[in-house]
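Please consult the sequence and the coordinates shown here alongside the text.

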Amino acid sequence: MDCYTANWNPLGEETFYRDLGLSGLTLPCRSQWKSGRLVHLGWTAGEDLLCIQEDGTVLVYNLFCEFKRHFSMGNEVLQNHVLEAQVFHTEFGTGVAILTGALRFSLATNIDDLKLRRLPEVPGLQKPPPCWAVLSQDRVTVVLLAMGQELFLLDNTSCSVVSPPGLSPSAGPFLHMAVSFTHRHLALFSDSGTVWMGTASLKAASFGKCFLDKFPPEGFVRMCQDLRVLNAIRDYQIGIPLTFTQYKQLTIEVLLDR
């Protein structure tokens with residue numbers, strides 16, 4: 001029987017770690033961090049490690065702790081510093097979203113083809129929101145954030161207040177939110193203990209359409225119909241995992257013939 005105080009290794013002056021040797025596996029590498037102040041760590045779809053620093057620099061390492069490259073999230077992030085960051089995945093690739101000290105969001109949807117976007121200001125935001133998440137579907141990437149009992153949706157040009165259908169205003173301030181890996185589902189948790197979950201209809205189009213004047217419903221209805229078809233044919237009993245682009249190129253008539 002192992003002694004619980006044995007086999008501890010120093011990591012800095014006051015920190016120690018222990019190699020548990022799970023299933024005979026050990027960490028492939030260990031490296032001492034000597035760069036800037038780290039704010040967030042995340043993985044790319046290709047299993048490279050992204051190290052996001054306070055100054056907005058993102059360092060990329062492979063699984064063997066070998067440095068590959070770095071990139072910057074822009075001058076605005078450099079000047080105001082990174083308060084919080086998230087790494088997310090979309091059809092474009094791996095993306096990075098930043099909340100700066102000026103309480104503004106910036107993001108890049110694909111770190112391999114870096115195009116920075118600074119999102120609109122959130123009215124009344126005086127401190128970092130208790131929770132926020134990146135939503136992405138059908139080439140639209142937005143940020144959803146909570147401020148008290150309100151939810152705000154940020155796209156390229158606007159900031160809109162949104163209300164999850166079926167959730168009572170008495171549910172209380174939102175504390176946590178989570179987006180599923182497929183970006184089809186969203187979960188919210190409030191301080192009253194209420195957990196709310198929704199499907200793809202709670203994404204950018206559905207959230208925003210109710211708050212836009214003279215919004216033409218035809219495009220939204222058509223998109224909902226397309227999503228229902230895609231979800232149906234992706235079922236294991238049918239097994240046709242088409243992307244939205246493939247579905248549009250194939251056309252519904254050809255799909256029905258198959």
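The points below are grouped by topic.

The model is predicted, so local features need pLDDT of at least 70 and side-chain atom pairs count only at pLDDT 80 or more, whereas totals for chains, interfaces and linings use all residues. Residues are numbered from 1 along each chain as its sequence is written, and side-chain values use heavy atoms, with hydrogens and water left out.

**Salt bridges**

- The structure contains five salt bridges, a salt bridge being a side-chain nitrogen of Lys or Arg within 4 Å of a carboxyl oxygen of Asp or Glu.
- One of them joins the side chains of Glu54 and Arg37, at 3.5 Å from N to O. This pair links distant parts of the chain, 17 residues apart: Glu54 is in the loop between strand E4 (49-53) and strand E5 (57-61), and Arg37 is in the loop between E2 and E3.
- Helices (H or I, at least four residues) and strands (E, at least two) are DSSP runs, numbered from the N terminus.
- Glu54 counts as partly exposed because its relative accessibility is 26%, while Arg37 is exposed because its relative accessible area is 54%. Here buried means under 20% relative accessible area, exposed over 50%, and partly exposed in between (1.4 Å probe, protein chains only).
- Glu76 and Arg118 form a salt bridge whose closest N and O atoms are 3.8 Å apart. This pair also links distant parts of the chain, 42 residues apart, with Glu76 in helix H1 (residues 75-80) and Arg118 in strand E10 (residues 117-118).
- Arg118 counts as partly exposed, at 45% relative accessibility.
- In the salt bridge between Lys115 and Asp113, the closest N and O atoms are 3.9 Å apart. Lys115 counts as exposed at 57% relative accessibility, and Asp113 as partly exposed at 44%.

**Strands E13 and E14**

- Strand E13 (residues 150-154) pairs with E14 in the antiparallel sense over four bridges; two strands pair if DSSP finds at least two bridges between them.
- A hairpin of four residues joins E13 to E14, and Phe152 stands opposite Val161 in E14.

**Trp33**

- Trp33 lies in the loop between strand E2 (16-18) and strand E3 (38-43).
- Trp33 counts as partly exposed because its relative accessibility is 32%.
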